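Welcome! Please take a moment to look over the sequence and the 3D structure, and then we can walk through them together.

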Amino acid sequence: MGHVLRRLRRVLDSLLHGVRRRATLAAIAARRPASVLFMCNGNIFRSPFAAALLTRALNHGGEGAAVESAGLIGPGRPAAREAILAAARHGIDLRNHRSQLATAALVRAAGRAPARGVGMSVHHFSVDVEEYFHVSAFERHVRYADWDGFESRVSGNVDQLLDLLARSQTRATFFVLGWVAERHPGLVRRIAAAGHEIASHGWDHARVTEQSPLAFRDSIRRTKIFLEDLAATPVVGFRAPSFSIVPGREWALDVLLEEGYRYDSSLFPVRRNGYGYANGRRDPHWLKRPAGRLAEVPPATLRRWGAQWPAGGGAYFRLLPYAVVRAALRDCERRGVPGTFYIHPWELDPEQPRLEVPCTAIADTVARL
Ligand SMILES: [Zn+2]
């Protein structure tokens with residue numbers, strides 16, 4: 001049914017496109033702006049393409065307005081090859097276009113500055129900062145007492161992520177394990193200094209399903225104090241190891257509020273063995289709890305074939321076609337909400353020591369990002 005409605009909307013959109021286009025052009029021409037600045041998130045393809053089409057349309061009418069385009073992230077990037085080809089089919093040459101950053105001066109100078117999709121294509125990029133030997137799937141094979149005996153890889157892996165994020169001018173949220181922060185204080189400072197948000201992943205990767213309320217409180221309190229001290233900013237976000245706030249463990253949400261946390265990212269609205277909050281809402285929302293109001297930011301899911309699938313990262317990102325994650329994020333854009341993507345530093349590290357347990361598809365992660 002949803003599929004049919006979407007189809008119908010697309011048909012209506014394409015039928016109305018010409019009408020809207022003529023109305024918009026008439027409205028712009030009536031205002032006689034000396035200049036127009038088109039803005040979109042990256043200024044790689046959509047806004048320069050729109051700007052070129054508008055220049056052509058206005059100049060046909062003899063208006064001669066100066067039309068420019070700019071974006072909010074990543075200056076100096078070219079359009080993708082297929083985008084250049086698509087524009088060429090409309091007689092527009094984007095081969096020499098390089099994205100330009102929208103500065104306040106540029107926006108002020110423009111007679112009109114329409115923004116396209118600026119608020120819609122912003123998603124949450126989040127990182128669970130832990131070592132490769134912290135993975136919950138390994139907990140039966142790797143004892144807590146032995147953790148300090150393993151080679152540490154987290155610092156180098158996170159630096160690689162910081163580099164990737166800097167290159168695309170993206171800010172992320174890093175859910176840091178207290179255990180890691182204690183051993184790598186400089187790493188937490190570097191993440192914060194790069195402008196990213198520091199949040200909490202608990203102290204020692206214990207699942208909420210295996211903690212008493214008292215042990216949980218102790219873990220999240222200790223981690224918060226420790227991280228705030230290092231980052232010199234308030235820590236208000238939490239993600240439970242292995243998304244382990246499951247039905248019946250909602251008391252953890254109240255403990256978070258009581259300990260000064262303001263949002264949670266642990267309720268994964270999928271039905272899975274050992275984790276998941278199947279009846280949870282899929283988009284960011286407020287939870288009304290006895291202890292107050294807590295913002296909930298679930299990882300992205302994809303609704304297809306009558307079920308809801310995890311699509312926000314982890315093994316799904318490594319093993320399934322990238323199209324699955326992209327479809328989930330595009331669906332979020334259609335709903336006008338941000339999607340939440342998550343990754344672990346060890347997913348970028350094909351060189352990590354092999355534990356005697358199954359481990360898959362690490363070699364391709366960097367290319368996929
Ligand atoms: Zn974790």
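What percentage of the 369 residues of the protein count as buried? The answer is 36%, where buried means that 20 or more other C-beta atoms, placed from the backbone, lie within 10 Å of a residue's own, exposed means 12 or fewer, and partly exposed is in between. Please keep in mind that this is a predicted model, in which local features need pLDDT of at least 70, side-chain atom pairs count only at pLDDT 80 or more, and totals for chains, interfaces and linings use all residues. Residues are numbered from 1 along each chain as its sequence is written.

The protein has 12 helices and 13 strands; these are DSSP runs numbered from the N terminus, with helices being H or I of at least four residues and strands E of at least two.

Leaving aside residues up to four places away in sequence, L227 touches V176, A181, V188, I198, S200 and V235, a contact being two C-beta atoms, placed from the backbone, within 7 Å.

Finally, visit R262, in the loop between α9 (251-258) and β8 (263-264). R262 is partly exposed because 15 other C-beta atoms lie within 10 Å. R262 and L294 are 32 residues apart in sequence, yet their C-alpha atoms are 5.6 Å apart in space.
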